[in-house]
Amino acid sequence: MVEDHFGIVGTTQAGAYRVEAVVAEGGFGVVYRAFHDAFQAPVALKCLKIPQQLNADHQQEFLTKFREEAALLFRLSASIPAVVRPLHVDRLTVSDGRFVPFMALEWLDGEGLDSLIARRAQAGKPPLSLRRIIRLLTPVARALARAHHFPTPEGPIAIVHRDLKPDNIFIERVNGEEVVKIFDF
């Protein structure tokens with residue numbers, strides 16, 4: 001079980017997100033499952049762990065840059081369906097006063113490629129077939145190629161993932177088909 005690092009399970013954040021449970025934790029953040037009241041749908045809240053000694057000016061500067069990155073991710077995900085879609089970016093209000101930037105992302109039901117590989121190995125099954133690997137990773141390769149030459153009003157830019165690994169490739173089932181999404185762009 002993952003710890004509620006920010007103590008927000010059972011609270012409503014940003015006026016719309018009823019935080020239900022912690023689902024994952026990494027070195028830089030904690031991911032929560034929340035329910036968006038207006039959308040009437042689950043969302044993922046990714047809350048960043050950042051140094052708490054930032055003064056108010058540095059917090060605002062961090063939040064401004066974080067919002068710029070989220071806006072770029074939003075445009076990227078709108079253009080590339082294999083990139084997880086952000087829905088909102090802001091800061092949380094936590095009871096102990098910590099500065100906690102967060103991003104609400106679309107909720108995905110399924111499993112990470114890392115979990116799929118581990119589950120198959122534990123069950124004594126052979127590795128994924130080459131055909132299935134190609135089917136799963138082709139959208140990832142196309143997404144990366146598009147991101148590396150991403151068009152903007154100022155001209156194309158290169159967006160680099162920097163942490164592509166099985167943990168950041170997610171497989172969900174949508175209408176009976178596998179759909180691949182990339183996390184942590």
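This is a predicted model: local features need pLDDT of at least 70, side-chain atom pairs count only at pLDDT 80 or more; totals for chains, interfaces and linings use all residues.
Figure 1. Along the principal axes, the C-alpha atoms fill a box of roughly 50 × 45 × 30 Å.

Figure 2. Of the 185 residues, 35% count as buried. Among contacts with a separation of 6 or more, 46% are made by residues 24 or more positions apart in the protein chain. The accessible surface amounts to about 10,800 Å², and carbon and sulfur atoms account for 56% of this area.

**Figure 3. Charges of the protein chain.** The number of salt bridges comes to 13. Individual pairs are presented in the legends that follow.

**Figure 4. Salt bridge between Asp 37 and Arg 18.** The two side chains meet with a distance of 2.6 Å from N to O. Asp 37 belongs to the loop between strand E3 (29-36) and strand E4 (41-48), whereas Arg 18 belongs to strand E2 (residues 17-25), so the pair ties together parts that are 19 residues apart in sequence. Asp 37 is partly exposed, with a relative accessible area of 29%. Arg 18 is likewise partly exposed, at 37%.

**Figure 5. Salt bridge between Arg 33 and Glu 20.** Here the side chains meet at 2.9 Å, N to O. Because Arg 33 lies in strand E3 and Glu 20 in strand E2, the pair ties together parts that are 13 residues apart in sequence. The relative accessible area of Arg 33 is 26%, and this residue is partly exposed. Glu 20 is also partly exposed, with a value of 37%.

**Figure 6. Salt bridge between Glu 178 and Arg 173, with the network around this pair.** The side chains of Glu 178 and Arg 173 meet at 4.0 Å, N to O. Glu 178 is partly exposed, with a relative accessible area of 26%, whereas Arg 173 counts as exposed at 54%. Through salt bridges that share partners, Arg 132, Arg 135, Arg 173 and Glu 178 are joined into one network.

Definitions and conventions:
Residues are numbered from 1 along each chain as its sequence is written. Side-chain values use heavy atoms; hydrogens and water are left out. Buried means under 20% relative accessible area, exposed over 50%, partly exposed in between (1.4 Å probe, protein chains only). Contact means heavy atoms within 4.5 Å. Accessible areas come from the Shrake-Rupley method with a 1.4 Å probe; for residues, only the protein chains shown count as cover. Helices (H or I, at least four residues) and strands (E, at least two) are DSSP runs, numbered from the N terminus.
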